[in-house]
Amino acid sequence: MTIDQVALLPAYAAALTAVTALVTDLLVPGRRGPVLVVTALGSAATAVAAWVVGGQGTRQTFCSPAGCSYAADHTSAVVAVVFALLTLGALAFSVPALRGGTPPGEYCFLLACSLTGGVALGAARDLLTVVIALETLTLPLYALVGLRRRVVASAEAAVTFFVVSVVSTAVTLLGAALLYASTGAVHFGRLASVLADRGALVSPPLVTVGVVLVLIGLGFKVAAVPLHAWAPPTYDGAPLPVAAYLSTASKFGGVVAVLLVTVQALRPWLDVAGPVLAVLAALTMTVGNLVALRQRRMVRLLAWSSVAQAGYILAPLGAFAVAAGRSEAVLRLAVAAAVAYAVFFVFLELAAFGAVIALRGDTDGGEISEYRGAGRRAPWVAGAFTLALAGLAGLPPGLAGLFAKVTIVRALLAGGAAWLAVVVALNAVVGLAYYLRVVAVLFSPGPSDGPATVAPPRPWPLAVGLAAVTLAGLVIGVAPQLVLDAAELAAGR
Amino acid sequence: MNSGQALLVATLALPAVGAFAAAAVPARLDRAGRIAGTVAAALTFVASLLLLSHGTPGGTGPIRPWHELNQPWVPGLALRFHLGVDGVSYPLVALTALLTLLCCGYTLWKVPEPGRGRLLVALLLVIEVGILGVFEALDLVLFFVFFEIVLLPMYAVIAVWGGEERRRAARKFVLYTLFGSVLLLVGVFVVVSKAGTADLIALTGGAGLPRGAQLFAFTLLALAFAVKSPLWPLHTWLPDAHTEAPTVGSVILAGVLLKMGTYGLLRVGVGVAPEGARWAAPVLGALAVAAIVIGGLVCLAQTELKRLIAYSSVGHMGFVLLGIATLTATGAQAALIGNIAHGVITGLLFFLAGAIKDRAHTGLLPELGGLRETAPALAGLLGYAAIASLGLPGLAGFWGEAFAVVAALRRGWTGLAVVAALGAALAAAYFLRLLRQVTHGPALKPLAQPRLAGAELLSWGPLVVLALVLGLVPAAVLNLSADAVRALAEVVR
């Protein structure tokens, strides 16, 4: 078996970044700057490598007669670029935390390791590689979540995250095992062709159970109901930049995995996978939004809102539940819509977390009421926060969010799943209620007496990062076609 | 780009630029910011007047725009930047530009608590962009995008500059109207995905949409616009929002924001799904008449000045909706002139109510009285506006209501027409009761500033004159829209 090293170049770049970050920390101990710079350059190099390699057309490697396990193509390129950008954002937002005593070498090493998993995930083309890539993406995060030393919440968060993650991986693996037992295949292409001939399958019910288990297990990464309850305590206990990374990169990873598996491997079983995804999506958005209404802590509110957003991301795939939604054209539209929504979402979510970090520095997210008067103290940051929240609510001036909402409703109606479109629409109304509550607090007058709240220092990388993410949000709001094109590139085969 | 297209763009770009300019000015130059915004509003008004000069519109379609601009924007979402004005939309465009100018000018003289008038002006201009965009959009998706732009700025206007219950009223306003606009989103894409185009010119007349899709789409669209208009029983956000909003906010809300609903129902609802409109017309007509009667009865029981005027809007918009529901050319004409008349007269009434509340520091009718003696000019204007609003022949309010009743009679809805006419008599009853309590009777206490300020005269004058001119020469509006309405009525029949 020959291995196409060029196809692996982006993954090498990401892994090398991790090693270099560690080595740099050994060479210049105790200094944050060099480590950060090296990691940032490495992430950027990963993005460039992925774009160059993937842009040349499909390169497959790790091939056996059953199929290839790894493919560098447009899909992997888009996925890797998004992961690299998210890592860059998380790095910029990490500066206050690193000033607060988090060890920079370990921190950057773990972040880059996670990036490696994300890059590999986009190129994975069999069930096992997908699971391994997802674990590589998640494993470093257990440690990162627990990095706030001497904070009980942080340790609790890490344990919660770890336990639920292990359970969900076991569920996914069980599902994959059942599929393998029924078909003798793990490669996507081969699985699809064996599954297509239903008469020849030993036990179709077993396959159904396998399909459902795989999807539910993967739903954990997206924080979809019923495996969503880990997200709020974990986000709240983790250092803020790690929570930002979890709610964007980790969620994006889950979305990519669900899409790869459903569309490439389970294509002939969409009549089973479709209803599962439709129910998951509807439950996820409704539960997330309703519980978010009652949250008093900022990060928990963002966490529950990101659960709800996971529901929106999965929603277009719910169109597969209807026969009309399984045609080739609608399938591509739905997949592109899910990818597009996920991309819109991660930018807006990253901006929201960036604003929280800029307002809070190296502490936790705190109570929502503690943000009173932020509009007066830090008008620019509050403005960026408002823009991000409006986008998450899907309303102008957050045009990016508006177009994201339009994209999924359009895909659902093209697929004939009008009921799910109505559920999405009504959920958007519930969502606005709590996003508005936060915005109203930001701009209500601050405490006049009492200790003068001192704004945390805002190091320049944080300011630049927040400005860049906000600007990116504005640009994709005015020119959403950029995202839609990228999503179509990723969806097309 | 020819001059007409440049003017279309100017009506949207000028207020947008003005909003940025006003918001960007530092706090110590607040007045300069307000002046910049007012200049932009004035230029927008000039541009809207220049739109009036046009040649013979080409084309044979159901919509023949005087000026048209059609550029691609987001091909992935079937969204084109397609603008145009015709006889149906032009009067509303001009009214919007005029009312925004008057409100900005009024803000130069008086800024409601808590100050920061430049931001209020900026928000008013953003709202103007949204409303003008709705009236000018000839692309269904673009129409929806502009429809959404209005929501958050109006929320901010009410929530920041409003009365004591402002937070609650603002939240109610934004959640209710978002509920309407998400239904609009679903309705729009039901149409777009079935018809394969979002071009309003091509869609008007049904565009071969199957009956089932038309009924579904019309139900969604009619619900969406009924919330905005508002149609009884979906009106409950309106009294709170109008009562709590600052004077300029109430003027814009009642004067033009409600018209987005009636205009949308006529142009999008009836135009795109005529089958659905024919099917639902009796229900719409009955609800409209219910709104007229219930609005009138509720007004009789009101004890607060602004709340009474707000509820009177429910009744007046009932007449407009009754006109649209008849689906005849006469009815559509009645709706159009009723829209304009209501915008002019209710705008004036809210200006006057604001002035009275500012001077007397109360809006409760039992605590007001004797205005005729303490402030004769104010009392005279209030009497004039109230009489115009109750539909005295010779003033603007008469034509829309009379023709709506005539259209209902011709349609064969004799019972509805009789009840609607009785509802008009109710309007006379509650406005005369209002006048008796506020202007007549013993003077309870002296007013802070009995005389009218020059700025007040300047901002109210145009409305006073328009109410008389439209009453004497309704043809000024009717001739503009005659052709456009006839073309629309033909495709609907």
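This presentation walks through a structure with chains A and B, beginning with chain A and ending with the contact between the two. Please keep in mind throughout that the model is predicted.

Let me begin with the overall form of chain A. The chain has 20 helices and 2 strands. Its C-alpha atoms fill a box of roughly 75 × 55 × 40 Å along the principal axes. For 493 residues, a compact globule would have a radius of gyration near 23 Å, and the 21 Å of chain A agrees with that. Of those 493 residues, 64% count as buried. If we take the contacts in chain A with a separation of 6 or more, residues 24 or more positions apart account for 80% of them.

I turn next to the nonpolar core. The largest one has 430 residues, and the members that touch the most others are A:Ala338, A:Phe344 and A:Val424. Helix H14 of chain A, residues 328-360, gives this core its largest share, 27 residues. What does A:Val424 contact, once neighbours within four places in sequence are left aside? Its partners are A:Met285, A:Tyr312, A:Ala315, A:Ile408, A:Val409 and A:Leu412.

A second residue of chain A deserves a moment, namely A:Gly391, which lies in helix H16, residues 379-393. Is A:Gly391 buried or exposed? A:Gly391 is buried, because 32 other C-beta atoms lie within 10 Å, and the cut-off for that class is 20 or more. Not counting residues up to four places away in sequence, A:Gly391 touches A:Leu348, A:Gly398, A:Ala400, A:Gly401 and A:Gly473. A:Ser250, by comparison, is 141 residues from A:Gly391 in sequence and 20 Å from it in space, C-alpha to C-alpha.

Now to the strands of chain A. Strand E1, residues 59-64, pairs with E2(A) in the antiparallel sense over 5 bridges. The two form a hairpin with 2 residues between them, and A:Ser64 has A:Gly67 as its bridge partner in E2(A).

The buried residues of H19(B) include B:Leu416, B:Ala420, B:Gly423, B:Ala427, B:Tyr430, B:Phe431 and B:Leu434. An α-helix has 3.6 residues a turn, so residues three or four places apart point the same way. Among the elements covering the buried residues of H19(B) are helix H13 (274-300), helix H14 (305-325) and helix H18 (397-411) of chain B.

Finally, how many residues does each chain bring to the contact? Chain A brings 25 residues and chain B brings 23 residues. On the side of chain A, helix H17 (399-414), helix H18 (418-442) and helix H20 (481-491) each supply at least two residues. H18(A) gives the largest share of that side, 11 residues. By type, the side of chain A that touches chain B divides into 22 nonpolar, 2 polar and 1 charged.

Terms used: Residues numbered from 1 in each chain as written. Chains lettered and ligands numbered in written order. Predicted model: local features only at pLDDT ≥ 70, side-chain atom pairs only at ≥ 80, totals over all residues. Core = buried A, V, L, I, M, F, W, Y, C linked by C-beta atoms within 7 Å. Buried ≥ 20, exposed ≤ 12 C-beta atoms within 10 Å, placed from the backbone. Helix = DSSP H or I, 4+ residues; strand = E, 2+ residues; numbered from the N terminus. Contact = placed C-beta atoms within 7 Å. Rg over C-alpha atoms; globule rule 2.2 N^0.38 Å. Pairing = 2+ DSSP bridges. Nonpolar A, V, L, I, M, F, W, Y, C, P; charged D, E, K, R; others polar.
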